[in-house]
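Visitor: I would like to learn how to read salt bridges in a model. Please take me through some cases.

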Amino acid sequence: MAQLKKTSGVSGQILNSAVNALQKWNSSSLTLDECINDIRGEKAAVSILFLYFRHKNSIDGLIIKSAAKGNVKSPLFEIAACTLSQALFQTGISRQSAVNIAVDHTKKINPGAGKFMNALLRNALRAAETMTFSPDFPEKLKKRWSKQFGKEKTESIIEACNINPPLCFRMRGINDPPEGSEPITLNRNFRFYYHEHPAEILNSKLFQAGKCYIQDPATGMSVSLCGELPENAMILDSCAAPGGKTVMLFDKYPDASITAADKSEKRLAQMQENFKRLNVNAKAVCSDALTPAFEKESFDLVFIDAPCTNTGVMRRRPDAAWRFSGNRLEDTAKLQRKILTAMAPLVRSGGVLLYSTCSIEPEEDGLQVERFLSEHPEFTLEDSQLLLPDFMHDGAFAARLRKR
């Protein structure tokens, strides 16, 4: 994939960042989160990408219908997709300005393609004047969920997935939340709130002091399910990055000895910085969950927040719906099974293996646990929960497995 040159001007740089990230997504198996790592500071570019994935079918269809031969190759396709996302769904830029910026950007890449881009975008915007836009969602996933949850519940889940989530946060300690915060009563073990004005939270003294932690309420379910542990318990968070669950484990078990493991040294460094800022006493260790660098029966709790298809967190990862496929689900389930198998020997007799995902697919959740138990009779299922996405929280699954 050819990296696009920097475009002069703030608006041009925003388009450049969005197009580069979308090119990366289209040409790889990376998640949108991974593709936007380098443009986190450019909120407008991230907003463009979220808008695109919320209306992917409509925008892709407009591009195909508006091109003379219906075939638009990269990077022109990504330029058109990002520009239409801006022009149709953002209010901070006029349609004329969005088109002009896209044409200038196109000329920098291919001087002969400027007229083509201009005609394509103007044709698309004319066609859009007679259209009514609502969020798009893949039919195959809609049908799959209708079988699992019923039509009415599926419609509710999809509606929740298609909104931008409010700012939710967790209070660490006994401090009162910032003024204007509203409680979320999803979890009795942790104090979650939401606020209509994110800047007020991010600029608050409580946030700066690490007493206020940005986090979705669904994250508390798996940590709450861990239950009681021995005094001075040994805990392993085996797939720890970016570290949010480790922070929760520390807050719930402050006297425990906690190890946060991840195979990425870069992410470990980021976690360590976060732990320092939040006064979290946890040891960060570079270790692959498939080949753990720990002795057998070393831990009272092994916590697995497993890689998954992210179908429970599409409010925050709207590209996950378009990445979903039967093959991807099968490959992910195989990886989860390998991680479970690798982690099981690390649990002490009487200890807990806590398995969690941010997926709502049976193959990654209940069926995965059933298969593990059939292959590891030394474990028993004590409790499990499935949380479906709602307007105030993401979806998640967790199961507590006790080793005899």
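This is a predicted model: local features need pLDDT of at least 70, side-chain atom pairs count only at pLDDT 80 or more; totals for chains, interfaces and linings use all residues.

Visitor: How many salt bridges does the count come to?

Guide: A salt bridge here needs a side-chain nitrogen of Lys or Arg within 4 Å of a carboxyl oxygen of Asp or Glu. By this rule there are 20 salt bridges.

Visitor: Where in the chain do aspartate 60 and lysine 56 lie?

Guide: Both belong to helix α4 (residues 56-66), 4 residues apart, so about one helical turn separates them.

Visitor: Are aspartate 60 and lysine 56 buried or exposed?

Guide: Buried means under 20% relative accessible area. Aspartate 60 counts as buried because its relative accessibility is 13%, and lysine 56 is buried at 14%.

Visitor: Which parts of the chain does the pair of aspartate 394 and arginine 315 link?

Guide: In this salt bridge the closest N and O atoms are 3.0 Å apart. Aspartate 394 sits in the loop between β10 (379-387) and β11 (396-403), and arginine 315 in the loop between β8 (299-305) and α15 (320-323); the two are 79 residues apart. Aspartate 394 is buried at 4% relative accessibility, and arginine 315 is buried at 1%. Both also belong to a network of salt bridges with Asp216 and Arg316.

Visitor: What is the setting of the salt bridge between arginine 402 and glutamate 382?

Guide: Its N to O distance is 3.1 Å. Arginine 402 is in strand β11 and glutamate 382 in strand β10, 20 residues apart. Arginine 402 is partly exposed at 23% relative accessibility, and glutamate 382 is partly exposed at 38%.

Notes: Residues are numbered from 1 along each chain as its sequence is written. Side-chain values use heavy atoms; hydrogens and water are left out. Buried means under 20% relative accessible area, exposed over 50%, partly exposed in between (1.4 Å probe, protein chains only).
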